[in-house]
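Dear colleague,

Please find the structure below. My notes on the ligand site and the domains follow it.

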Amino acid sequence: MHNPQLNADGELQHLLTLEGLPAEIIGRILDTAVPFVSIAERDVKKVPLLRGKAVFNLFFENSTRTRTTFEIAAKRLSADVINLNIGVSSTAKGETLLDTIDNLVAMNADMFIVRHGQSGAPHLIAQHLSATNRSHIHVVNAGDGRHGHPTQGLLDLFTIRHYKRHFRELTVAIVGDVLHSRVARSLIHGLTTLGTPEVRVIGPQTLLPTAVAALGVHVFHDMRQGLAGCDVVVMLRLQSERMKGSLLPSAGEFFKHYGLTVEKLKLAKPDAIVMHPGPMNRGVEIDSAVADGTHSVILPQVTFGIAVRMAVMSILAGN
Ligand code: CP
């Protein structure tokens, strides 16, 4: 089946999802990111790979890490970065998403970084560009609804590979509100594509998608059983704003059963790493003693996100 994010030569044209993205392309992105990590240590933190290119950040939903690290990444690649302030844009006057895109294309955009509350919005933009013979303009999904967050998945994979080297011997647990998590979906696709033998999801029945096992994961409702022997523990934010109706008795009850504490973390391997995509709800899904503890690689994830986003943008549009 044709993958809409690849061109006729099988090269990456857009980054819309990790589902179905070949392992070679994921590996190439991760390998390309490695030398970009050290650029942060130079006096001049810039390379000219995107010189002369215009990158538009279109964030229709809130963001701290993704929007900022995309901007830093594009600037380190020497691109011109335009942050559309959606709050004061003509979106508020009823302009459609595709009309906004057409107007920004008229300003000679080369790449759109898109976060949107509607699943599929970045796909829609990519389709529109293709249908109007403007496929040379790239689209990167920076998180769409519950669907996917491919660059977060990639930076999570980069972090895991950095600390654990090989995917083929790992047990990875993803804990909490998987139902609403685009981060979890992207990471599951990436881990399974790269051959991780044991990917677990841990959470209450109400916060796990009904067909989650079909993604190739093992389902646990008991956190202590699920954490046993894990190399990597990925905690997810409880996304109260996406919940329709009450899926949980209370945040306190959730923490009691699914919050990661120092005591529960002892069930994982002694050298296990703890990850979280952010933003964190301390005392809801993770205790501060773990978030700030020696197993935590939560802030390195953010730093690696810059290098990974540089890799994605340079592969898409690099000179
Ligand atoms: N991980 C993540 O997407 O964080 P932001 O919402 O702050 O971008």
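Which atom of the ligand lies 2.8 Å from a backbone N or O atom of Thr64? It is an oxygen atom of the ligand, and the pair is a polar contact (N or O atoms within 3.5 Å).

This is a predicted model, in which local features need pLDDT of at least 70 and side-chain atom pairs count only at pLDDT 80 or more, while totals for chains, interfaces and linings use all residues. Residues are numbered from 1 along each chain as its sequence is written, and side-chain values use heavy atoms, with hydrogens and water left out.

An N or O atom in the side chain of His149 is 2.9 Å from a ligand oxygen atom, and a ligand nitrogen atom lies 2.8 Å from a backbone N or O atom of Pro277. The protein buries 91% of the 250 Å² that the ligand exposes when taken alone (accessible areas by the Shrake-Rupley method with a 1.4 Å probe).

The residues around the ligand (a heavy atom within 4 Å) include Ser63, Arg65, Thr66, Arg115, Gln152 and Gly278. By class, this shell has six polar, two charged and one nonpolar residue (Pro counts as nonpolar, Arg as charged, and Gly among the polar).

The domain assignment, from an automatic or database source, gives domain 1 (23-148 + 303-318) and domain 2 (150-297). Their contact (heavy atoms within 4.5 Å) takes 26 residues from domain 1 and 24 residues from domain 2. The C-alpha centres of the two domains lie 26 Å apart. Each domain supplies at least three residues to the shell around the ligand.

Yours sincerely

How values were computed:
A polar contact is a pair of N or O atoms within 3.5 Å; within protein, one must be able to donate a hydrogen and the other to accept it, and residues adjacent in sequence count only if both atoms are side-chain atoms.
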